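Here is a short briefing for a reader new to this structure. Look over the sequence and the model, then read the points by topic.

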Amino acid sequence: MMAGMHTRVVIVGAGPTGLALAIELGSRGIPCVVVERNDRVGYAPRAKTTNVRTREHLRRWGIADKLAAVSPLGLDYPSHVLFVTRLAGPLLAKFENALDCSPGRNAHYSEHGQWIPQYLLEEVLRSHAQSLPDVTVCFSSELSSFAQDATGVRAQVRDIVTGETHCISSEFLVGADGARSSVRNAIGAKMEGQYGLSRNYNVVFRAPGLAAAHRHGPAIMYWQVNADVPSLIGPMDDNDRWFFMPTAVPDGFQLNKEEAASLIRRATGIDLDYEILSTDEWLASRLIADRYRDRRVLLAGDACHLHPPMGGYGMNMGIADGVDLGWKLAAVLQGWGGEGLLASYEAERRPVHDFVMNEAVANHATLSGHLLRDGIEDASAAGVQVRREAGEQIRHMKAREFMNTRVVLGYHYEGSSLVAPDEVEQARAAPGDGYAPCARPGHLAPHVWLEDRASLYDGFGQGYTLLITGPANEGALLDDEQRTVEAARRDAEIAGVPVVTLAPRHADLPDLYQARYALIRPDQHVAWRGDAWPANGVALLRRVSGQ
């Protein structure tokens, strides 16, 4: 770092949220500096689910294949979740292709999910961020203080190695510095909600031969339902590395390496040499900040929302925050986005956070110990019946946690000031557990695979995209479509908003979008749809860009 450095955005924290924000800004030519107190990324081993939506963002950035290439278990490793009494005991229930990790092509999304340790994802994000000319990542550096006024933010940053303090000036500062956010404290934001829903432990260990020592076959997670140590266990990385999470421990319990190894033996019923690599204690809470912004300083990720990990939403929701805030900050700094864009960040994301947090809390309400039944391990006809009934209960109560496309792709920004009122009379789908693509303004644009095996999303621009959904016409625009494109271009030039046109001519698009045209936001959500470009298209573009 250099004294007197100036950049456009300072990002505090180089976790997944901060790196996603840096990539989104750097990909758009916005200089930014990431300040990280650790000497590298990847200290926390908790998260293991990179969901469909996150990998779609990685696809936009051109690095989805890089993440796939570093998968320690391989993309074809079965993403099953099994409920067993213990690894050495009988099966209770099975969820296949949990969390949409199967590499097979799916009509609803452009990238499948991936079961991979968070530290490997962070390394892929870091490498890409540092390859961008406009991104500077400063490790072993911590934010000491900052001051802001109407023109910008001045951050005092201390080099942990040398002890020297430097000033970095910027137009905005974002706190992506996690649950103990110093930025949140500095702006006086308060976390509100339910603290301490449960006390939890995460153990990473090495156990050669464990995969072959049980009869259940490969899976990404095994829920162990027994009276000794109800818990979760599963493979995490190569070299026989696994994770273990006891979900119920006695009061006063203190986890150490010796006790952790003993717990794993008791939970699994398999006596092996368990080498404990790390232990971590944490509290599950449902907390959300009372505000996400103080003028030029904003919060993202765990700095403004915390919830239980059941469903694998936390890290992915933080990355989505980085994407949302990134394109909006870039638009403002490039001059085509108005103040309404920054105001929309909390207005749009907070309802999504509440929606996802409620899902996570509902999943957390049923852990391994809650599924326990008397006689569940009995080697008798009665025990078989108990296990059959337990399996039915598990399939009923836990399906939404592992078959969660409805949550991952179904959140929306309906009612936002940045989306236009819907011009299409369309019956709403009945609520349910499944995902149903929806093109109402605010929703994620319905996806299709095109004839050239490309994703529809691959044709979307960095700004707005005018999607023409009409049927095939030998590749040429109809006369009225050409007039619509010309009108949209004129209006975009007047409003100063970047708009590209896409006419893929896919047979499914008219039914999916229920309109001849749709205006797609930079984050791939629908901003407007209709059968004709509005007479006052300039007003529409100014609305959706927050002007």
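A polar contact is a pair of N or O atoms within 3.5 Å; within protein, one atom must be able to donate a hydrogen and the other to accept it. Keep that cut-off in mind for the lysine below. The model is predicted.

**A buried lysine**
- Lys-398 sits in helix α9, which covers residues 381–402.
- Its relative accessibility is 1%, so Lys-398 counts as buried.
- The side chain of Lys-398 reaches the backbone oxygen of Thr-366 at 2.6 Å.
- Beyond its neighbours within four places in sequence, Lys-398 is in contact with Phe-83, Phe-95, Trp-223, Asn-363 and Thr-366.

**Nonpolar cores**
- In soluble globular proteins, nonpolar side chains tend to be buried together.
- The largest nonpolar core here has 92 residues.
- Val-9, Ile-11, Leu-25, Leu-173, Leu-329 and Tyr-513 touch the most other members of that core.
- Helix α7 (residues 314–334) supplies the largest share of this core, eight residues.
- A second, separate core holds 29 residues, including Phe-83, Ala-93, Ala-98 and Phe-402.
- Leaving aside neighbours within four places in sequence, Leu-329 is in contact with Val-9, Leu-21, Leu-25, Phe-172, Val-174 and Leu-342.

**A buried aspartate**
- Asp-294 belongs to strand β18, residues 293–294.
- With 17% relative accessibility, Asp-294 counts as buried.
- Setting aside neighbours within four places in sequence, Asp-294 is in contact with Gln-148 and Ile-187.

**Cysteines**
- A disulfide is a covalent bond between the sulfur atoms of two cysteines.
- How many disulfides does the structure hold? There are zero.
- For Cys-138, the closest cysteine sulfur is in Cys-32, 10 Å away, which is too far for a bond.
- Cys-138 is buried, at 7% relative accessible area.
- Cys-438 is also buried, with a relative accessible area of 12%.

**Positive phi in loops**
- Most residues other than glycine have a negative phi.
- Asp-100 has a positive phi, near 55°.
- Asp-100 lies in the loop between β6 (91–95) and β7 (114–115).
- Is Asp-100 buried or exposed? At 13% relative accessibility, Asp-100 counts as buried.
- Ser-140 has a positive phi too, near 50°.
- The loop that holds Ser-140 runs between β8 (135–138) and β9 (141–148).
- Ser-140 counts as buried, at 15% relative accessibility.

Terms used: Residues are numbered from 1 along each chain as its sequence is written. This is a predicted model: local features need pLDDT of at least 70, side-chain atom pairs count only at pLDDT 80 or more; totals for chains, interfaces and linings use all residues. Side-chain values use heavy atoms; hydrogens and water are left out. A nonpolar core is a set of buried Ala, Val, Leu, Ile, Met, Phe, Trp, Tyr and Cys residues joined through side-chain atoms within 4.5 Å. Buried means under 20% relative accessible area, exposed over 50%, partly exposed in between (1.4 Å probe, protein chains only). Helices (H or I, at least four residues) and strands (E, at least two) are DSSP runs, numbered from the N terminus. Contact means heavy atoms within 4.5 Å. A disulfide is a pair of cysteine sulfur atoms within 2.5 Å.
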